[in-house]
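Dear colleague,

Please find below the structure that I am handing over to you, with an account of what was found in it. May I ask you to keep it open while you read?

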Amino acid sequence: SAESVTCHRDRMEVEFSGELGNYSWHVCVMDVSGEEMVSCNYTVDYERLLLSVLFVNCTSLEHDQHLLRLRLVANDTMGEEKNVTYSTHCNTVHADEIITPFFAGVTNCTKDFMAVRSPALQVPATPMVWTLSIDDGTRIHQMSLGQAMQQGYNFLDDGRNLILQVAFTATGVVSYKHNDKALYTAALKLTYGPPERRLTVESRMLCAPGPAICNATHMTVAIPAFPGTLMTVGVENKTIPMDQLQENGIALDTKRGVKLHISRGVLKSRLRGESCSGLQSYTSSLKLSFHFHGETVAMVMHPECPCDQHAPIAAVCTQDGYMDFEILADSTIPPLDLDALRLRDPACRPAFRSSLNDRVWFHVPLNGCGTRYWFDGEKIVYENEVRALWTDFPLHRISRDSELRLTVLCSFSNGDASLSIRVDNLPPLASSMNQGPLSLVLLSYPEGSYRHPYREDQYPIVRYLRQPIFLEVQVLNRNDPNLHLVLDDCWATASQDPSSLPQWNIVVDGCEYKLDSYRTVFHPVGHGVSYANYRQRLEVKTFAFVSGDKALPGLVYFHCSVLICDRFQPDSPLCMTRCPRPSRSKRESGVPGVNSAVASLWGPVLLVPERWSATQGSTPLSKEVWAGITLTAAGILSLVATMLLFLALLKCLKRRASMVNLVC
């Protein structure tokens, strides 16, 4: 049978089924009596399976139709011959006929098909008398409704309207493609009835099924280049003039096709289904009108961001009354503890958490969760706060997690929505300095090679949470190879006083502190260092003191108590360091006579906000920090004379394996 029939002004083309290519075949044109019409002028393209026939001398005119009768003779591989006779037709169009077509409405563009709705015509009781014509620009495909439904067309009746659905692969559909983007068009004409009461529905359909591309701030709708010009844009039933797209949150790019970059603030949002976690940005209606082939053609799209839980979602104020934003664990250094995040109303929690536990999404109602609002002229501003602060932690704890305080502002003006984020940094921290004796010193190094320690004028040392601090304890002015330095305890305080509270242990009885999840690392001194027996090296991760009432200043002071022991005659069990210790520590067992020396770092470690990391080395410290350094330097100079006298006294001491009682 014929696959399709194309009608032209003076002829018709019949395309046979592809199955005919498996046979040897020929075709002839018959008259009404079944005889071959020898005067008929026709051509056969056996490769394309196409028959081209003139109306004159080849068809009979019956009921205003050019009726063509064919006999097809096919032989299979077994030599069996098959004869098939059938007829097809093309409608005639008289010059005196006046046809007033109805034009279908806007194309509804979905990801699977495009559809038009005609309010003018009802689906007839005998739909097979309808004829569908599709013009693909090179020829006209004409078929009955039955044939059309077999070639990608579907006809629906909703009780009042005729709905025509067209698959993107349907016969006669023209496509324009670039990379993975496509635009489909179809010029349709649906006719019914005799000439004197013929009804016609025409439609030029247009559809770009997408999908949309989304990033942190925008949704991009891309349409490949085609011979059409964008005339108007409408979002959610609001038509936006072309010269006002930018101020309405839409950027237009027409360099290659059409690209619309739509701000997420213009979009709506919804919670995604079980198949994909997170929030989804979308618009229920995006109407684009084009000037195409001399007429205005419009399509309505329904773009949505793909279901990708790893796609970043920027803070968005939605038209349906929510603030949508995400918090990334790696937005600070070190990563945030996402469990510590709180809104102003702590009962409100994130809407979703990623499967990798690297981000959370907030879906905050404008009328709940502690959201506040005020009026700013003609604008109404909504505000909330998400935070992770040390003041929320239990009392007398340390933390190696970053702090975060995020203020979310959402403003509405003249029906438009915008959202901004403000990060409130903690106030600048003052610097401080602590002096130490020359005979026993605690030093800090910028790197694990322990080559050049920080000088006194370089304190306070700037560090970020969990960044390593390399410490070294040295005994000065000693050269007895039989003596060696043994670490007793090391700890940190929030003030210069080694005995002040709160405190956090770093080394206990010469061993790492078991209750710290980030254990202290001991580094060997090596044989290339002079008097290695008078040095001990360790590494600790930067932390901050926290309190339930308030956030303590970001200055951390380090102290170590040490023993000087005789290798051959140790006079204390603590001189024999074994980790972990098999028995109770000296603090628990009450070992008498232990009078260890204490050394403090020359200055504190200054904890700075994470955002300083981008400008480290180029941004000077605050005035308060430099003031502290200056005062400390003056104090050190005033102690030089005292230190020199103290050195002279040390030279007079006898070398013995006893405890040295020196306090910083």
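Pro502 is found in the loop between β42 (483-493) and β43 (503-508); strands are DSSP runs of E with at least two residues, helices are runs of H or I with at least four, and both are numbered from the N terminus. The peptide bond that leads from Leu501 into Pro502 is cis, with omega near 0°. A cis bond also joins Gly210 to Pro211, here with omega near 10°. Pro211 belongs to the loop that links β18 to β19 (213-214).

Please note that this is a predicted model, in which local features need pLDDT of at least 70 and side-chain atom pairs count only at pLDDT 80 or more, while totals for chains, interfaces and linings use all residues. Residues are numbered from 1 along each chain as its sequence is written, and side-chain values use heavy atoms, with hydrogens and water left out.

The protein as a whole

The protein contains 4 helices and 50 strands. It has 664 residues, of which 47% count as buried (buried is under 20% relative accessible area, exposed is over 50%, and partly exposed lies in between, with a 1.4 Å probe and protein chains only). Among contacts with a separation of 6 or more, 64% are between residues 24 or more positions apart (contact means heavy atoms within 4.5 Å).

Leu487 is placed in strand β42. Why does Leu487 count as buried? Leu487 is buried because its relative accessible area is 6%. The C-alpha atoms of Leu487 and Leu563 are 6.4 Å apart, although 76 residues separate the two along the chain.

Asp509 lies in the loop between β43 and β44 (511-512). Its phi is positive, about 55°, although Asp509 is not a glycine. Asp509 counts as buried because its relative accessibility is 4%.

Strand β21 (residues 228-235) pairs with strand β22 (residues 238-240) in the antiparallel sense over 3 bridges (a pair requires at least two bridges found by DSSP). Within this pairing, Val235 has Lys238 as its bridge partner in β22. The two strands form a hairpin with 2 residues between them, and Glu236 in the turn has a positive phi of about 50°.

Asn237 is found in the loop between β21 and β22, and its phi is likewise positive, near 65°, in a residue other than glycine. Is Asn237 buried or exposed? Asn237 is exposed, because its relative accessible area is 78%. Lys238, which lies in β22, is partly exposed at a relative accessible area of 39%. The C-alpha atom of Lys238 is separated by 9.3 Å from that of Leu286, which is 48 residues away along the chain.

β21 has another partner: 7 bridges join it to strand β27 (residues 286-292), and these strands run antiparallel. Here Gly234 stands opposite Lys287 in β27.

Arg139

Arg139 is in the loop between β12 (131-135) and β13 (140-144). Arg139 is buried, given its relative accessible area of 18%. Its side chain makes a polar contact of 3.0 Å with the side chain of Glu15 (a polar contact is a pair of N or O atoms within 3.5 Å; within protein, one must be able to donate a hydrogen and the other to accept it, and residues adjacent in sequence count only if both atoms are side-chain atoms). Leaving out residues up to four places away in sequence, Arg139 touches Thr6, His8, Glu13, Glu15, Leu50 and Ile134.

The largest cavity

The lining of the largest cavity consists of Ala104, Val116, Ser118, Leu162, Leu164, Leu188, Leu190, Val201 and Ser203 (a cavity is a set of points on a 1 Å grid over the protein atoms alone where a 1.4 Å probe fits but cannot get out, and lining residues have an atom within 4 Å of a point). At least two of its lining residues come from each of β11 (113-118), β15 (162-167), β17 (181-192) and β18 (199-207).

With kind regards

Methods. 1 Å grid on protein atoms, 1.4 Å probe; cavity = no way out; pocket = protein on both sides within 12 Å on 5 of 7 lines; lining within 4 Å.
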